[in-house]
Amino acid sequence: MQKNRHYLCIVTSPFMQVDLELLKYPIGRFQRPVAVTPELKQAWISAIDALPTWLDVLVENLDESQIQTPYRDGGWTINQVVHHIADSHMNAYVRLKLALTEDNPTIKPYKEALWAELPDVTTVPVNVSITLLHALHRRWTSLLQNMTDAEWERTYFHPEHKRNVPMWEMTAMYAWHSRHHMEHIKRLRERMSWK
């Protein structure tokens, strides 16, 4: 258990208290892998490959009011989460291609919270981003499945974190990111009893 971890509970109904940390990080915070195996790489690729289909299922039959519901108090709406995933994963794919074709390139961070407020997020239906993710993840997983051992060790430099990030770590992080946001929507649906 982490030291100095603070828990806040919020009441989401008269019968249920939910830990804010669990609402923010339903599968826990990202943990950098300590070892990399072919089995782990395949599990990461499988999660990235599966995400668009998971999203298809999770938004099925939701009306506009439900799509505009935040997954937690003060959090993003389902709409913003889905568009954020598309924004984030487009950046990840470009970062991967830069790292595979340049020597330790410096990547450009972006202000994801501000991106989530732009008109393409507020006016475009979520299915547009899900369609984008189907195409993007098909190319991304194809690239990952065909990388050499040396390519998995290639890096980019992250200026905010001030360190080099190997492609295996980036892939592990985006597999986590896929499950992380999928669980935001899934658990909201469960708490709200949306069928």
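Student: In this predicted model, is Glu169 buried or exposed?

Tutor: The class follows from relative accessible area, with buried meaning under 20%. Glu169 has a relative accessibility of 4% and therefore counts as buried.

Student: With which residue does Glu169 form a salt bridge?

Tutor: As a general idea, side chains of opposite charge can pair when their charged atoms come close. Here the side chain of Glu169 meets that of Arg32 in a salt bridge, at 2.7 Å from N to O. Arg32 is in the loop between helix 1 (20-24) and helix 2 (38-59), whereas Glu169 belongs to helix 9 (residues 167-192), so the pair ties together parts that are 137 residues apart in sequence. Arg32, at 43% relative accessibility, counts as partly exposed.

Student: What is the partner of Glu21, and how far apart are the closest N and O atoms?

Tutor: The partner is Arg29, and the closest N and O atoms are 2.9 Å apart. Glu21 counts as buried at 12% relative accessibility, while Arg29 counts as partly exposed at 38%.

Student: Where do Lys186 and Glu190 lie?

Tutor: Both residues are in helix 9, four residues apart, which is about one turn of the helix. Lys186 counts as partly exposed, with a relative accessibility of 30%.

Student: Which residues are linked with Lys186 and Glu190 in a network of salt bridges?

Tutor: The network also includes Glu183 and Arg187.

Student: How many salt bridges does the count come to?

Tutor: With a cut-off of 4 Å between a side-chain nitrogen of Lys or Arg and a carboxyl oxygen of Asp or Glu, the count is seven.

Methods. Residues are numbered from 1 along each chain as its sequence is written. This is a predicted model: local features need pLDDT of at least 70, side-chain atom pairs count only at pLDDT 80 or more; totals for chains, interfaces and linings use all residues. Side-chain values use heavy atoms; hydrogens and water are left out. Buried means under 20% relative accessible area, exposed over 50%, partly exposed in between (1.4 Å probe, protein chains only). Helices (H or I, at least four residues) and strands (E, at least two) are DSSP runs, numbered from the N terminus.
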